[in-house]
Amino acid sequence: MSTASETARPVTRPISRGRAFRRSRLGRVLLRSPFYFLVALIFIYALFPFLWALRSAFTPDNALFSTPLQYFPRHPTFDNFRAAFEASFFRHALINSTIVAGSVTLLSLAVGSLAAYALGRFRFRGRSFVMYLMLSMTIFPPIAILGALYTLLSGFHIIGFVRFPHLYDTRWALVFTYLIFTLPFTVWVLTSFMRALPRDLEEAAYVDGATPMQVFFKVLLPLIAPGLVTTGLLAFIAAWNEYLFALSFIQSPDNYTVPIAITSFVGKSGSAFQQPWGVIMAATIIVTLPLIAAVLILQRRILAGLTAGAVKG
């Protein structure tokens, strides 16, 4: 005769084979394998061009087009890197790109942070219109405003004897034109950071007698440091890799930037039909390494800025 406790005991149902397989270690691995395969495929697709450039940079010229294809050079050499550094226009291009990209980044952060402070912390009529106006500036393709910028940089007559300074074929032409696209992006991103900051900190600083500029520099600016690093690095990369404006507004080899300098290498014969791919790939690796180093050094700040921006957005 069964007791009351035995009759109240819950009935355990047997686990199906499918659920048991999914809970097993082999089942978890097999179920996750498509995801890992997709991640590996994307990783190879994104990294393969850089690996191919690295392979070509260390491969001698006579082995670049040898058959069968060699994915790893049998006799690696540094001759291509040596030839890239021996070109005077490439050394000048590294200096020019550093000056132009650094100036664009600093100006974008300086002006963009002040504009973001005004747009994100103060309420005034037309604020939304200004935000969408800056966003609309990034919609137009660069080729659409190329002719107007050329006229402007060539010494545009504003009114009467007043004219815009002649900046064509100077580094200032690139700094001025690059700000057209980096500055709106910087203002838009930093404004979202400024809006997300609590107003209690700002009000407490005002109670203590701080001025608006002191609140900006000593209270708010340190709090949006991850956003400054992220937007600054993106502006630097955009200015470092820009090609269309540099090709259109620069003629002197002494003012070349790295994208123009890389396309200016010629073979030993001087013929336009002989491309020194090894030297070109070596120069590509040289100009890419500073960006990789900057990302690795500032990766924590960049990750904090991206995740904070995503949460705040």
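**Thr257**

I started at Thr257, which sits in the loop between helix 12 (244–249) and helix 13 (258–262). Helices here are DSSP runs of H or I with at least four residues, strands are E runs of at least two, and both are numbered from the N terminus. This is a predicted model, where local features need pLDDT of at least 70, side-chain atom pairs count only at pLDDT 80 or more, and totals for chains, interfaces and linings use all residues. I kept in mind that residues are numbered from 1 along each chain as its sequence is written, and that side-chain values use heavy atoms, with hydrogens and water left out.

Is Thr257 buried or exposed? Thr257 is buried, because its relative accessible area is 4% (buried is under 20%, exposed over 50%, partly exposed in between; 1.4 Å probe, protein chains only). Not counting residues up to four places away in sequence, I found Thr257 touching Ala93, Ser97, Leu174 and Ala246. Contact means heavy atoms within 4.5 Å.

**Gly102**

Ser97 turned up again when I looked at Gly102: leaving aside neighbours within four places in sequence, Gly102 is in contact with Ser97 and Phe236. Gly102 belongs to helix 5 (residues 88–121). I also checked Val175, 73 residues from Gly102 along the chain, and the two C-alpha atoms are separated by 9.4 Å.

**Leu69 and its patch**

Next I went to the loop between helix 3 (25–57) and helix 4 (79–86), where Leu69 lies. Leu69 counts as partly exposed because its relative accessibility is 43%. Leu69 is in a nonpolar surface patch with Phe43, Ile44, Phe48, Tyr71 and Phe72, and together they have about 720 Å² of accessible area. Areas come from the Shrake-Rupley method with a 1.4 Å probe, and for residues only the protein chains shown count as cover.

**Whole chain**

I noted 15 helices and two strands in the protein chain. Of its 313 residues, 34% are buried. The chain exposes about 20,100 Å², with carbon and sulfur atoms supplying 69% of it. Among contacts between residues at least 6 apart in sequence, 70% join residues at least 24 apart.

Key. Patches are made of residues with over 30% relative accessible area and no salt bridge: like charges are joined within 9 Å, nonpolar side chains (Val, Leu, Ile, Met, Phe, Trp, Tyr) within 5 Å. A salt bridge is a side-chain nitrogen of Lys or Arg within 4 Å of a carboxyl oxygen of Asp or Glu.
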